[in-house]
Amino acid sequence: DNSVKNQSQQQKKQPQQPQELAVEMEEIFTPDREISFNISKKYNFKAGLMPFLVDITVYDLSPEYLYRCAPKKEEQVYSIARIKEWEKLNLIDGEASIYNNGVFLGKTYIKPSDIEDYLELPLGVMDNIFVKHKLLSELSSKKFLAGGTVSTFDYEIKLKNISAEKVTVEVIDQVPVSESSSVKADVLAMTEGGDKDALTGKIIW
């Protein structure tokens, strides 16, 4: 009798196996955004595989022009057109060809779906504004009391404008950010006017 009771108690203590749940998979289709334009002019399309480009609409815009550089990555200054109230243009995400005064500059990818107050379009590299990112000095020393090593780096960013026009250039740099509690990174000195992001180490003048 005792053996029968023990077996029944052991059976009760065994955990129940989880039951498999039937999951039904459903495919959801999200249609792309579509925009319709009325083309007033009539066109004749020739047969063949060659593409035929048609001007759908033209917008007369007054963008704000600005200049930007990130010399730590690339020692070049770029001209950028910043367009406000771009929501009225009925643009869609996709590849765009950039022309400046009829000269093809290259291709870019625009994303009007981004939640921004303005749309920026690159207009190419400025050939009359130069920038240089240079390491001036590097010093390493050991602190015996703390048992660590202190390394100091001194960098210089120089801008030169050889055009007759006065311009304002946005300069972007970045300092190291430590992800370890045993390593500390500090900015000892910085040119006045720089806005530093403590999380990413990004500095903008």
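Student: In which sense do β1 and strand β2 pair, and over how many bridges?

Tutor: Strands are DSSP runs of E with at least two residues, numbered from the N terminus, and two of them pair if DSSP finds at least two bridges between them. In this predicted model, β1 and strand β2 (residues 74–84) pair in the antiparallel sense over six bridges. A70 has E74 in β2 as its bridge partner, and a hairpin of three residues joins β1 to β2. Residues are numbered from 1 along each chain as its sequence is written.

Student: How many bridges join β2 to strand β5?

Tutor: Seven bridges join β2 to β5 (residues 118–125), and these two strands run antiparallel; in β5, L119 is the bridge partner of I83.

Student: Which residue lies over the face of Y118?

Tutor: A charge sits over a ring if NZ of Lys or CZ of Arg is within 6 Å of the ring centre and within 35 degrees of the ring normal. Here R82 lies over the face of Y118, at 4.0 Å from the ring centre. Side-chain values use heavy atoms, with hydrogens and water left out, and side-chain atom pairs count only at pLDDT 80 or more, while local features need pLDDT of at least 70 and totals for chains, interfaces and linings use all residues.

Student: Where is I56 placed, and is I56 buried or partly exposed?

Tutor: Buried means under 20% relative accessible area, exposed over 50%, and partly exposed in between, with a 1.4 Å probe and protein chains only. I56 has its place in the loop between α1 (2–13) and β1 (64–70), and I56 is partly exposed because its relative accessible area is 44%.

Key. Helices (H or I, at least four residues) and strands (E, at least two) are DSSP runs, numbered from the N terminus.
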